[in-house]
Amino acid sequence: MTRRDILSFFHEPFGDAFYFGPEKISPAHLRWPADKIERSGRGHYTYDWVLQSILTADKDLTKRVFIKDMSYHIVPPIHSITARAPSLQAQNLSNISPNPTLLPTQVVDAFKFVFLIRDPASAIPSLYRCFIPPLSAQTEDTNLDPTELGYRELRILFDYIRDKNKNPPPLLIDADDLLTDPEAILHPLCAYLEIQYSPSMLSWPTAEDHAFAFSLFEKYAGYHEDALNSTALVPNAEKKDAAPRSSEERNDEWRAKYGKEAMQIIRSAVDACRDDYAYLRSFRMRPS
């Protein structure tokens with residue numbers, strides 16, 4: 001987001017249709033406060049409405065479109081595996097097999113994909129914090145849905161893109177590698193995206209930087225507090241030198257932080273994602 005001079009940014013735009021719009025696929029609204037969707041201002045966001053906003057931005061020839069989104073927003077998760085986006089089908093923009101997404105194949109084919117993964121033993125406990133106080137007061141949710149963690153859907157989407165684009169194959173980055181040596185990851189990432197690398201990409205210290213980040217993140221209040229409170233991406237020497245922890249050690253940590261019942265919820269979710277994560281990680285870009 002530091003390259004606002006050459007990029008137009010969308011932060012989880014299809015999540016608006018997935019969670020809030022008339023075609024919403026997630027059951028999350030059933031446990032939310034009754035007026036949350038109305039307060040969001042996104043109750044009218046169909047998948048086509050979101051897509052058209054992206055395509056409109058793409059007409060600006062001075063900038064390229066950069067989208068950060070979750071795979072399960074466009075690859076139907078296991079709880080709604082037969083879901084469709086009627087607004088796209090009604091306009092004759094439906095999928096062409098074997099496209100696993102809700103989006104038109106010609107739209108999927110127009111993008112260059114970068115996949116970001118994170119060890120579920122790190123990602124899921126971090127996400128769990130969003131469903132307990134104090135963050136749950138902002139997220140207005142108290143339920144970690146194991147069907148909306150995204151590893152299954154990310155694997156499906158990755159395989160589809162990899163099968164279609166073998167040369168070059170899509171780039172896949174493990175967050176641990178990025179945190180250990182950001183520059184070693186960003187250099188080849190920029191080359192892949194045909195963007196000139198600059199060390200300034202690694203920091204966002206100004207009030208303008210933070211105001212821009214907040215403008216993108218505020219629609220998902222409570223989920224991005226660590227990012228909003230950061231000012232730079234610096235090498236994490238502790239992560240590089242840390243010894244792997246056993247399942248028992250992690251269980252003890254989660255039990256101490258969140259209690260026995262929460263530990264069991266987290267452990268079950270982590271284990272359910274482990275195989276998909278390991279598969280995806282085998283394709284990761286390795287720092288040079």
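Predicted model: local features only at pLDDT ≥ 70, side-chain atom pairs only at ≥ 80, totals over all residues.
**Stop 1: the whole chain.** Show everything as a cartoon. Turn the view along the principal axes: the C-alpha trace spans about 55 × 45 × 40 Å.

**Stop 2: inside and across.** Colour by burial. Of the 288 residues, 45% count as buried. Now look at contacts between residues at least 6 apart in sequence: 74% of them join residues at least 24 apart.

**Stop 3: the charges.** Select the charged side chains. There are 33 positive and 40 negative ones. The centres of the two sets lie 3 Å apart.

**Stop 4: strand 4.** Select residues 171-174, which form strand 4. Zoom in on Asp 174, which belongs to this strand. Is Asp 174 buried or exposed? Asp 174 is buried: its relative accessible area is 0%, and buried means under 20%.

**Stop 5: around Asp 174.** Show side chains here. Which residues touch Asp 174, leaving aside its neighbours within four places in sequence? They are Leu 116, Ile 117, Tyr 277, Arg 281 and Arg 284. Pick Arg 281 next. Its side chain joins that of Asp 174 in a polar contact of 3.0 Å. Finally, select Asp 176. Its backbone nitrogen lies 2.8 Å from a polar atom of the Asp 174 side chain.

Note on methods:
Residues numbered from 1 in each chain as written. Heavy atoms only, no water. Buried < 20%, exposed > 50% of the residue type's maximum accessible area, 1.4 Å probe, protein only. Contact = heavy atoms within 4.5 Å. Lys, Arg positive; Asp, Glu negative; His and termini not counted. Charge placed at Lys NZ, Arg CZ, Asp CG, Glu CD. Helix = DSSP H or I, 4+ residues; strand = E, 2+ residues; numbered from the N terminus. Polar contact = N/O pair within 3.5 Å; in protein donor to acceptor, adjacent residues only side chain to side chain.
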